[in-house]
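The sequence and structure come first.

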Amino acid sequence: MAATNYNIPPQISFSTKLKQNFFASPLDCLISVLCVLFFATVIYQFVDWAFLSSIWSAEDESLCRDAGGACWSVIDARHRIIFFGLFPYEEHWRSTLACVVMVATMIASCFSWFWSAFRLSFLWVLGFGSFYILMHGGVFGLSVITPERWGGLALTIFIFAAVSIIGMPLSIVLALGRRSKLPVIATLFGLFIDFFRSLPLLTILFTAAVITPFLLPGWLLGDKLYRVIAGFAIFFACYQAENIRAGLQAIPPGQDEAGKTLGLNFWQRVTRIQLPQAFRNSLPAIVNQFVITFKETSIVTIVGFFEILASGAAAYGTGKWTVHYIEVYVFIGAIYFMFVFSLSRYGAYLEKKLRVGNV
Amino acid sequence: MSDQSTVSIPAVTMANVNKWFGEFQVLKDINLEVADGEKVVICGPSGSGKSTLIRCICKLEDHQRGDINVLGTELNNDIANIDEIRREVGMVFQQFNLFPHMTVLENCTLALTLVRKKSLKEAENIAMGFLEKVRIPEQAGKYPGELSGGQQQRVAIARSLCMNPKIMLFDEPTSALDPEMISEVLDVMVSLAEEGMTMLCVTHEMGFARRVADRVIFMDEGEIVEQSDPNTFFNNPSNERTKLFLSQILQH
């Protein structure tokens, strides 16, 4: 046997760890075995339902009743409704391309190379411009499709992206306003934030969609979709502003003083010293707000928009498909999961990356 | 000192400066003139107003009565005046206050590019020059959190020097440091003094005071109680409060 090396920490083997943590006593053994059995059963049931005993193509729908597994035929047959809602059939390529453009814009803005005011604005003007041209048409020989007929995944992504891109700068303004040294400004911003935070999102969307037409002059009204997005963005901004304010408050006052003594003016201190540190400080909460917002886009159904969840209901809502609603919701759940999980993984990656130096 | 002040503008003039925090008066009728190139050490018990005094000079605190004049510019609420003064006055803090989200080099180049409008390359050359001066050019790419306290404070000094200030203010620069790191910071300050920088240092490092100070000021309860050259100050203090303070900090 080799001589023990005292210069390295003692190594604990995997089997020892396993034994220590899960099989130390008879009760531990019992609990561990039961847990493993339970999860194995659940996972097997799901895999069997979703993959082993399932039917995949629309033509085989008649086999579904006897197969005992998932009937993915409904997705095969009706996925266009889920993805595109009421968008005209022959123009679906435009909606697909618009989604790709928007997702690409979102992914691109995750790279730090784009993190300057100029590059980000350029990217988003380009992204939103192409999305709008593709969806709305009216130029380059594309037929006009008004927002009432937008739907499905494209609408969900559009609402999320628009709310984020309007709400984020607004939230920064609100957070800074609430921390203003002038009491009048601070109070006004505080009242504004607290007012919108104390209303349910539903109320705000209803007001934007249904009540504002009675209050605002016609030329200011715009399309219902844009009013709803504006209301949603204000709601988002008020919550996000509180997250950012928490981040700002965690910065020691000496940081701002150091900036002052170096001769930096107010805006230079805000943009170079305060905001970057505030984002770092409250990154988990900020990402969380984006995650919630993505999922809350489904609420716009209430005011008559066919975002992906409402389109899903329409997809199984007719004829022989009505029994297959579980498959449709699992499918839509998977789409939500894809977006939200990527978002939270990206948040985790950012946290790790930005922690450099803040040891 | 009187010779110098007649030929050039004094670096700092404070006339009957008073300041209150709420009801509490922190500065009482402060009269102080610091000549160009003079090194002044300010000491006194905690709460005596010494930090507040030098923080007033770069307008981190507002004074409520009296006049402060820095390099011939009146320190009032005129933003242009404040900015002008802050560009010429460097400050080093007890807690270093480096920007944790920037590398050492970025800490130093930030104000050069934004305030002095230098190109990034030019700014980096200047910054590297000062990092060499404080003897840590090899740390330029690291983040402040990866450095020791002494190294961070030397970076903070280099960051101030990059702006080419005419006056340097030090607010207890070694008080937050582990004992073995104090001398590396003091060495940098001594060499700065030897080059003729105008310095106002709030510090309890009496060895440093003896070595570089032209004048030592003792403050207590918001007043300047005694000021004299270091030799007189340490060997022959005239005020009872000064004697008591010196006996407390020098007995070990």
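A residue is called exposed when its relative accessible area is over 50%, and buried when it is under 20%. The model is predicted. Glu194(B) has a relative accessible area of 60%, so it is exposed. Glu194(B) belongs to helix α7 of chain B, which covers residues 179–194. Between Glu194(B) and Pro10(B) lie 184 residues of sequence separation and a C-alpha to C-alpha distance of 19 Å.

The rest of the report concerns the interface. The size of an interface is often given as the accessible area lost when the parts come together. For chain A and chain B the buried area is about 2000 Å², and carbon and sulfur atoms account for 63% of it. Of the area that chain A buries against chain B, 31% comes from Thr261(A), Leu262(A) and Arg272(A), more than from any other three residues.

| Item | Value |
|---|---|
| Residues in contact, chain A | 20 residues |
| Residues in contact, chain B | 23 residues |
| Salt bridges between chain A and chain B | one salt bridge |
| Polar contacts between chain A and chain B | five residue pairs |

Which side chains meet in a salt bridge? They are those of Glu257(A) and Arg55(B), with an N to O distance of 2.7 Å. On the side of chain A that touches chain B, α12 (253–261) and α13 (266–281) each supply at least two residues. The most comes from α12(A), with seven residues. By type, the residues on this side of chain A are seven nonpolar, nine polar and four charged.

Key
Residues are numbered from 1 along each chain as its sequence is written. Chains are lettered from A and ligands numbered from 1 in the order in which they are written. This is a predicted model: local features need pLDDT of at least 70, side-chain atom pairs count only at pLDDT 80 or more; totals for chains, interfaces and linings use all residues. Side-chain values use heavy atoms; hydrogens and water are left out. Contact means heavy atoms within 4.5 Å. Buried area is the accessible area (1.4 Å probe) that two parts lose on being put together, summed over both. A salt bridge is a side-chain nitrogen of Lys or Arg within 4 Å of a carboxyl oxygen of Asp or Glu. A polar contact is a pair of N or O atoms within 3.5 Å; within protein, one must be able to donate a hydrogen and the other to accept it, and residues adjacent in sequence count only if both atoms are side-chain atoms. Helices (H or I, at least four residues) and strands (E, at least two) are DSSP runs, numbered from the N terminus. Ala, Val, Leu, Ile, Met, Phe, Trp, Tyr, Cys and Pro count as nonpolar, Asp, Glu, Lys and Arg as charged, and the others, Gly among them, as polar. Buried means under 20% relative accessible area, exposed over 50%, partly exposed in between (1.4 Å probe, protein chains only).
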